[in-house]
Amino acid sequence: MPTPLVERRSIDVVPDGERHGGAFSQFTLWLGANLQITAVITGALAVVFGAGAFWAIAGLALGNVLGGAVMALHSAQGPRLGLPQMISSRAQFGVRGAIVPLALVIVMYIGFFASGSVLAGQATGKLTGLGETPGIVLFALVTAFAAAVGYRLIHALGRIASLICALAFVYLGVRLLQRADLATLLGDRSFELPVFILAVALAASWQLAYGPYVADYSRYLPRSTSARATFWWTLAGTGLGSQWSMTFGALAAAAAGGAFVGHEVEYVVGLGGTGLLAAALYFVVALGKLTINVLNTYGGFMSMVTSVSGFRGQAVLSPRARAAYIGVIMVAGTALALLGKDSFLTSFKDFLLFLLTAFTPWSAINLVDYYLIAKERYDLPALSDPGGRYGAWRWRALSVYAVGLLAQFPFLATHFYTGPLVGPLGGADVSWIVGLAVPALAYWLLARRDTAHLPERTVLGPAVVTDGPEGSEGTDGPDATDGGGARPPADTGASTTAGEGPRA
């Protein structure tokens, strides 16, 4: 019987019998998620804050490659573990200690929901004739509904958006170049290191902020899915989509000057024309934002469940509880959007850099532990047991995380705080590099000899079988295991589970 459209899983392990799809699905999802107006704004920021279009585009490309590679390493964990991204961080921080980075992750989701709703609300308001504020509210309601349906609808949106938005961006790019000469836009080759590094940081933060939820959207892939394929398709989708959008944004900002700032959606749509064509472009803006805002809402819902379950031990939710969690994200994000819509551009730049400060240490710790310390071997049932091998609080990782946060502040440059070492570096913000390197090295040095808690092989737990679309869980023999090794990332290959036979 076909699998139901409405998702039943939340933070529990996805059984092998419910796995489906291929690694290419990560390309279409992340391409569609990045071909959207907020990525355009991010690219424009590099020009708005002082870079010429040529070096802005080069810096954005470097940031997208570097940040996208880190993001894709997280994506490769999904098929292997069958778990949401932040659940796996319990292996480093403890079942309850993981709530520390989770609290910041939830703030991230609400913030991105808000910033996306501002831009999508402008498009929705124009499209419906309701105005900006009702447009924000209407868009939030549609987003919450799609997130409640879950995984399958999210990937379907990604496929649709990747095609429609790609066609729209090709058309808008042609229209932009009809208004402005490309050689003129790229003619300013004067190089300033601080604004170049700002462009790198903006793109890197865009990619790194996906890290805490990227595996949520690869966890339904069959366990035998090549980790290498998952990595490269994810990187290709997110890298191409974001660089395409950001390049367009940088060129638009260079061509429009002050006409772009504060009127981003109207300017982009105005490139395309008027009447039905303008309405179609407003729809494209709303569709692109719907794709990414559904990811933010879904990820926020799962992060909140992960936080609560660390203390309550609950992994399976009723439809009513699922709707309640999603409602909290929607209400908080919508309220923030309505409050901050009039000072969006500057606030969004600082928000991106704040996120970069918060999540680079988490990414460094998670990836070093998964690929170098545990070598892909985790005890999945123990991730839900505060009394198990990972414990409730793992103070080593929490201490390294705090050190990683603090180490960045001398190098951080934002609207509300500038570190003392920014000036000697010519105003360049290199905090994200420090935030990756310092905790990665510190955690590796501290954790490489503390391996007593690691299983010899990955423990999958009691075999889970499904029976029809509703499914039924039951044990089928002893705890299943699956060998692990240091392959960051490599083919996982097919493996077997006790009483199940080969995995599809």
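Mentor: Two residues are said to be in contact when they have heavy atoms within 4.5 Å of each other. Helices (H or I, at least four residues) and strands (E, at least two) are DSSP runs, numbered from the N terminus. This is a predicted model, in which local features need pLDDT of at least 70 and side-chain atom pairs count only at pLDDT 80 or more, while totals for chains, interfaces and linings use all residues. Residues are numbered from 1 along each chain as its sequence is written, and side-chain values use heavy atoms, with hydrogens and water left out.

Trainee: What percentage of the residues in the protein is buried?
Mentor: A residue is buried when its relative accessible area is under 20%, exposed when it is over 50%, and partly exposed in between (1.4 Å probe, protein chains only). Among the 504 residues of the protein, the buried share is 59%.

Trainee: Which residues have the most contacts inside the largest nonpolar core?
Mentor: A nonpolar core is a set of buried Ala, Val, Leu, Ile, Met, Phe, Trp, Tyr and Cys residues joined through side-chain atoms within 4.5 Å. The largest such core has 144 residues, and its largest share, 15 residues, comes from helix H14 (residues 276-312). Inside this core, the residues with the most contacts are Trp30, Phe260 and Leu295.

Trainee: Which residues does leucine 295 touch, not counting residues up to four places away in sequence?
Mentor: Once those sequence neighbours are set aside, the residues that leucine 295 touches can be listed. They are Leu29, Trp30, Ala33, Ile154, Tyr213 and Tyr217.

Trainee: At what angle do helix H3 and H11 pack?
Mentor: Axes are lines fitted to C-alpha atoms, for helices over the stretch in contact, and angles run from 0 to 180 degrees between N-to-C directions. The axes of helix H3 (residues 53-75) and H11 are 7 Å apart, and the angle is about 30°.

Trainee: How do the residues of the contact of H3 with H11 divide into nonpolar, polar and charged?
Mentor: Ala, Val, Leu, Ile, Met, Phe, Trp, Tyr, Cys and Pro count as nonpolar, Asp, Glu, Lys and Arg as charged, and the others, Gly among them, as polar. On the H3 side the residues include Trp55, Leu60 and Met71, and these and others meet residues of H11 that include Phe196, Val200 and Leu208. The division is no charged, six polar and 13 nonpolar.

Trainee: Are H2 and H11 roughly parallel or antiparallel to each other?
Mentor: Angles under 35 degrees count as roughly parallel, over 145 as roughly antiparallel, 65 to 115 as roughly perpendicular and the rest as oblique. Helix H2 (residues 37-48) packs against H11 at about 160°, with axes 8 Å apart. The two helices are therefore roughly antiparallel.

Trainee: Which residues make the contact between H2 and H11?
Mentor: The residues of this contact divide into six nonpolar, two polar and no charged. H2 contributes Thr38, Ala39, Thr42, Leu45 and Ala46, and from H11 come Ala199, Leu202 and Trp206.

Trainee: At what angle do the axes of H11 and H12 cross?
Mentor: The axes of helix H11 (residues 193-208) and helix H12 (residues 227-256) come within 11 Å, and they cross at roughly 140°.

Trainee: Is serine 245 buried or exposed?
Mentor: Serine 245 lies in helix H12, and, apart from neighbours within four places in sequence, is in contact with Asn34, Leu35, Gln36, Ala39, Val40 and Phe169. Its relative accessibility is 0%, so serine 245 counts as buried.

Trainee: What distance separates the C-alpha atoms of threonine 225 and alanine 23?
Mentor: Threonine 225 lies in the loop between H11 and H12, and is buried, with a relative accessible area of 12%. Threonine 225 and alanine 23 are 202 residues apart along the chain, yet the separation of their C-alpha atoms is 7.0 Å.

Trainee: What is the phi of lysine 375?
Mentor: Most residues other than glycine have a negative phi. Lysine 375 is found in the loop between helix H16 (344-373) and helix H17 (395-408), and is partly exposed at 36% relative accessibility. Although lysine 375 is not a glycine, its phi is positive, at about 55°.
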